[in-house]
Amino acid sequence: MNEVFLTGKIISNVEFKFIINSKNISIAMFNIETDDKQVIKIKSYNELADYCFSKLKNTDRIFINGELSGIYVIVKDIKRCINR
């Protein structure tokens, strides 16, 4: 098992999909840009996907705790940073 912690800015719209054949699983996908200008693909499932789609928008700064899986970071926990 691996664990990653990332902070960055959302640079794409949050894409939401609903998979009917897989017991109604929801998925949200988006890209973030870290402070050192790396682009990371993010994927979240179910309740976290619903949260990402409804609460996050392009240019929000976020903190992610997740797991690296292929080319994506799978979200375990996500927090929106307060912009001051």
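In these legends, contact means heavy atoms within 4.5 Å.

**View 1. Overall fold of the chain, a predicted model.** This is a predicted model, in which local features need pLDDT of at least 70, side-chain atom pairs count only at pLDDT 80 or more, and totals for chains, interfaces and linings use all residues. Residues are numbered from 1 along each chain as its sequence is written, and side-chain values use heavy atoms, with hydrogens and water left out. Along the sequence the chain runs β-β-β-β-α-β-β, giving 1 helix and 6 strands (DSSP runs, with helices being H or I of at least four residues and strands E of at least two, numbered from the N terminus). The C-alpha trace spans about 40 × 30 × 15 Å along its principal axes.

**View 2. Asp60 in its loop.** Asp60 sits in the loop between α1 (46-55) and β5 (61-69), and it counts as buried because its relative accessibility is 6%. Leaving aside residues up to four places away in sequence, Asp60 touches Gly8, Lys9, Ile10, Lys55 and Arg80.

**View 3. The side chain of Asp60 and the backbone of Lys57.** A polar atom of the Asp60 side chain lies 2.9 Å from the backbone nitrogen of Lys57.

Terms used:
Buried means under 20% relative accessible area, exposed over 50%, partly exposed in between (1.4 Å probe, protein chains only). A polar contact is a pair of N or O atoms within 3.5 Å; within protein, one must be able to donate a hydrogen and the other to accept it, and residues adjacent in sequence count only if both atoms are side-chain atoms.
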